[in-house]
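These are my notebook entries on one protein model. I set down what I looked up, in the order in which I looked.

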Amino acid sequence: RKEYVDLYVNYKFNKSVQKPFEDFMQGFLRGCPARNWKMFSPEELQVLLQGHPRFDWHLLEKNVIYAKYTASDQTIRNFWTVFHELPEEKKKMFLVFLSGSDRISGYGLEPFRFCIADPQIENPDESSPYASTCSLTLFLPR
């Protein structure tokens, strides 16, 4: 029985996926040659390819640039109060809305900067916030 289980496990985890894995590895190495990525540990490579999965949201707030707003404006204070009360999943959804991705590059939040701008529209009550993902700008009506 032990030999049967060992052979079955080997088949399921190794033999049955050998060809698809070899194809994947060949394509991966074509886009990222081994000499370039062997210097990274598996954890570093994962962060480099996928970005950071966890964030210091207060650092994100600290890095914001304001256009036609100041950090002390009531709209901005209200925004950050509501933002920090959101669950982690909703905060990541905000990143998707702002940047098109729920991850930050491997460099982390320290260099990540976005702008909160006042779109200066006539009737702000009739407008919703919107974002420019190219310029990482959140247009937040007063």
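**Entry 1: a loop residue**

Is Gln120 buried or exposed? I work on a predicted model, in which local features need pLDDT of at least 70, side-chain atom pairs count only at pLDDT 80 or more, and totals for chains, interfaces and linings use all residues. Residues are numbered from 1 along each chain as its sequence is written, and side-chain values use heavy atoms, with hydrogens and water left out.

I find Gln120 at 52% relative accessibility, so it counts as exposed; the classes are buried under 20% relative accessible area, exposed over 50% and partly exposed in between, with a 1.4 Å probe and protein chains only. I place Gln120 in the loop between S2 and S3. Helices (H or I, at least four residues) and strands (E, at least two) are DSSP runs, numbered from the N terminus.

I then looked up backbone angles. Most residues other than glycine have a negative phi. For Gln120, phi is near 45°, a positive value in a residue other than glycine. Leu136 also came up, with a positive phi near 50°, and I locate Leu136 in the loop between S3 and S4.

**Entry 2: the annotated position**

In the loop between strand S3 (130–132) and strand S4 (137–139) I also find Cys134. UniProt, in an unreviewed entry, places the feature "active site" at Cys134. UniProt positions are given in the numbering used here, feature names are shortened, and annotations may be inferred rather than shown by experiment. I note that Cys134 is exposed, with a relative accessible area of 80%.

**Entry 3: the sheet**

Which order do the strands of the sheet have? I read S1-S2-S4-S3, an open sheet of four strands with mixed pairing; two strands pair if DSSP finds at least two bridges between them. Strand S1 (65–67) and S3 stand at the edges, each with a single partner strand, so one side of each has no neighbour in the sheet. Neighbouring strands are turned by 25° against each other on average, direction ignored.

I checked S3 and S4 in detail. They run antiparallel and are joined by three bridges. For Ser132, I find the bridge partner Thr137 in S4.

Next I looked for a helix against the sheet. H6 lies across S1, strand S2 (115–117) and S4, and runs at about 130° to S2. Axes are lines fitted to C-alpha atoms, for helices over the stretch in contact, and angles run from 0 to 180 degrees between N-to-C directions.

**Entry 4: aromatic pairs**

I counted ring pairs by this rule: rings of Phe, Tyr and Trp (its six-membered ring) pair if their centres lie within 6.5 Å, and planes under 30 degrees apart count as stacked, over 60 as edge-to-face and the rest as tilted. The count comes to 11 aromatic pairs. Why is the pair of Trp57 and Phe83 edge-to-face? Their ring centres are 5.6 Å apart and their planes stand at 70°, so the pair falls in that class. I note that this pair links distant parts of the chain, with Trp57 in helix H5 (residues 57–62) and Phe83 in helix H6 (residues 74–85), 26 residues apart. Trp57 counts as buried at 6% relative accessibility, and Phe83 counts as buried at 2%.

Trp80 and Phe83 form an edge-to-face pair too, 5.3 Å centre to centre with 80° between the planes. Both lie in helix H6, three residues apart, about one turn of the helix.

Phe94 lies in helix H7 (residues 88–99) and counts as buried at 11% relative accessibility. I list its contacts (heavy atoms within 4.5 Å) as Phe79, Phe83, Phe114 and Leu138, not counting residues up to four places away in sequence.

**Entry 5: the nonpolar core**

How many residues does the largest nonpolar core have? I find 19, and those with the most contacts inside it are Phe79, Trp80, Phe112, Phe114 and Ile116. Such a core is a set of buried Ala, Val, Leu, Ile, Met, Phe, Trp, Tyr and Cys residues joined through side-chain atoms within 4.5 Å. The elements that give two or more residues to this core are H5, H6 and H7, and H6 gives the most, with four.

For Ile116 I looked up the neighbours: among them are Val64, Ile76, Phe79, Trp80 and Leu140.
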